[in-house]
Amino acid sequence: MLNRGWPDTPVELSLTTQEPSLLNQLVSDIPGTEQLPPLHRVLLKLAQLGGYLARSSDPPPGNTVIWRGICRLTDIQLGYELALERCG
């Protein structure tokens, strides 16, 4: 909802400081989205992680796809922290 009401909101309000960098490493930018606000780009990447194909004829990503992307990103972040031995 932040994306619709305030598209210029900083990404740090919705994600931790490590999550956007992990997303950038995992999912490449969709061509033509360089001019979009940062929060919108991050949401599109989360949706892609959840299975959104981001074709030109596709509707905007829904809650289910973004939820799947958040769950996958959380699992990936936990694995990353375990590999660095930061948790446990």
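Contact is defined here as heavy atoms within 4.5 Å. The structure is a predicted model, in which local features need pLDDT of at least 70 and side-chain atom pairs count only at pLDDT 80 or more, while totals for chains, interfaces and linings use all residues. Residues are numbered from 1 along each chain as its sequence is written, and side-chain values use heavy atoms, with hydrogens and water left out.

Helices (H or I, at least four residues) are DSSP runs numbered from the N terminus. In the pairing of α2 with α4, residues E19, L22, L23 and L26 of α2 meet L73, I76, Q77 and Y80 of α4. These residues divide into 6 nonpolar, 1 polar and 1 charged; Ala, Val, Leu, Ile, Met, Phe, Trp, Tyr, Cys and Pro count as nonpolar, Asp, Glu, Lys and Arg as charged, and the others, Gly among them, as polar. The axes of α2 and helix α4 (residues 63–83) come within 11 Å and cross at roughly 100 degrees. Such axes are lines fitted to C-alpha atoms, for helices over the stretch in contact, with angles running from 0 to 180 degrees between N-to-C directions. The two helices α2 and α4 are therefore roughly perpendicular to each other, a term that covers angles of 65 to 115 degrees.

A nonpolar core is a set of buried Ala, Val, Leu, Ile, Met, Phe, Trp, Tyr and Cys residues joined through side-chain atoms within 4.5 Å. Buried means under 20% relative accessible area, exposed over 50%, and partly exposed in between (1.4 Å probe, protein chains only). The largest such core has 9 residues, namely V11, L15, L22, L23, V27, V42, L46, L49 and L73. Two or more residues are given to this core by α2 and by α3, and the largest share, 3 residues, comes from α3. Apart from this core lies another, of 6 residues, including I30, L44, A47 and I66. Leaving aside neighbours within four places in sequence, V11 is in contact with P20, P38, L39 and V42.

A salt bridge is a side-chain nitrogen of Lys or Arg within 4 Å of a carboxyl oxygen of Asp or Glu. The count by this rule comes to 2 salt bridges. In one of them, K45 pairs with D29, and the closest N and O atoms are 3.2 Å apart. This pair links distant parts of the chain, 16 residues apart: K45 lies in helix α3 (residues 38–49), and D29 in the loop between α2 (19–26) and α3. K45 counts as buried because its relative accessibility is 6%, whereas D29, at 41%, counts as partly exposed.

Note on methods:
Angles under 35 degrees count as roughly parallel, over 145 as roughly antiparallel, 65 to 115 as roughly perpendicular and the rest as oblique.
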